[in-house]
Amino acid sequence: MIRKNTAFLLLSFFSFLVSQAQNPVVMFGADKKYGAVNYKAQVVVPFEYDYISEFSEGLAVVEKTKKFGLVDINGKMVIPVMYEKIYHCENSGWPKPVKINGKAGAINRKNQLVIPATYRFMDCFYNGLALVSDPKAETYGIIDSTGKQIIPFGIYQVLSAEFNNGLALAKKNDRWGYINKAGKEVIPFIYLDALPFENGRAEVTKGYDQIYINTKGEEVNHYMTELRKKYEQLNYPLQGQIRYRKEGIGWCVMDTTGKELIPAGKYDDVDYFLEGVAFVRKKHKWGAIDQQGNLVIPFYYMDKVRPFK
């Protein structure tokens with residue numbers, strides 16, 4: 001009876017995941033190989049790989065015998081399994097960074113090496129720009145999709161190639177600030193910590209205070225500033241939701257106006273709503289609820305996963 005109940009729960013869980021997934025769902029087969037199935041539960045990527053990443057932008061990284069390539073959502077091989085590493089990130093474009101003989105370069109859609117493999121590290125390209133590290137020293141710069149150096153090495157300890165509101169995070173002399181695409185310092189390097197800009201605002205740590213600044217570096221009001229005065233253990237917002245802990249009651253999720261989406265005290269732990277589903281924990285077991293509070297995955301699992309896309 002226990003086996004039947006377990007099988008039913010696992011089948012229900014699998015069916016729910018597949019029904020919610022727009023991209024194929026990566027699964028681990030009985031022969032200890034990875035494959036992927038579509039929303040009709042049809043195998044689209046055969047169970048022959050040692051690893052498959054989640055699908056993003058219609059592609060997934062696959063590994064076989066310690067070599068990596070890319071497949072699409074139909075299981076078609078886009079880039080052969082031949083590289084020491086291949087990097088594919090959400091919202092990133094081509095070329096794709098690869099590792100050859102321990103060095104990083106980049107290939108185009110035709111699997112042609114368009115940026116020579118000379119770097120210690122190369123991140124994914126965002127809007128035609130990628131972070132790279134110096135072949136000789138541990139400093140960072142930015143190149144464009146042709147390999148042209150946009151931000152030189154030797155200036156920044158840490159650097160981001162993702163420009164939000166025209167500005168990117170950088171770290172120099174153990175302090176954070178913001179630069180533009182020309183490499184010019186726009187907001188001075190005075191912060192102990194900092195986050196990327198979003199909708200013209202960025203959270204920074206100045207002294208012992210977390211404040212928000214605009215693209216001119218001026219301090220501005222923000223709803224998170226007020227909420228931090230009311231709540232302890234306030235997590236950073238995700239898709240208009242904030243996870244926080246009510247003292248003496250427990251974890252809950254609210255929107256940016258303070259309205260509770262998952263009430264405190266009902267569950268031992270809670271996660272954000274993503275794609276209409278939030279994982280919640282009760283008595284050491286995880287399940288999931290929909291936005292109406294209905295249980296859609298039973299409290300059966302020891303940990304939570306996020307295969308939805």
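Biologist: Is Y267 buried or exposed, and what is its relative accessible area?

Modeller: In this predicted model, local features need pLDDT of at least 70 and side-chain atom pairs count only at pLDDT 80 or more, whereas totals for chains, interfaces and linings use all residues. Residues are numbered from 1 along each chain as its sequence is written, and side-chain values use heavy atoms, with hydrogens and water left out. Buried means under 20% relative accessible area, exposed over 50% and partly exposed in between, with a 1.4 Å probe and protein chains only. Y267 is therefore buried, with a relative accessible area of 8%.

Biologist: How many aromatic pairs does a search of the whole structure find?

Modeller: Rings of Phe, Tyr and Trp (its six-membered ring) pair if their centres lie within 6.5 Å, and planes under 30 degrees apart count as stacked, over 60 as edge-to-face and the rest as tilted. On that criterion, the number of aromatic pairs in the whole structure is seven.

Biologist: How are the planes of Y267 and F299 arranged?

Modeller: The ring centres of Y267 and F299 are 6.2 Å apart. Their planes stand at 35°, so the pair is tilted.

Biologist: Which residue lies over the face of W251?

Modeller: A charge sits over a ring if NZ of Lys or CZ of Arg is within 6 Å of the ring centre and within 35 degrees of the ring normal. At 3.7 Å from the ring centre of W251, the residue over its face is R243.

Biologist: Which residue lies over the face of W94?

Modeller: The distance to the ring centre of W94 is 5.2 Å. The residue lying over that face is K96.
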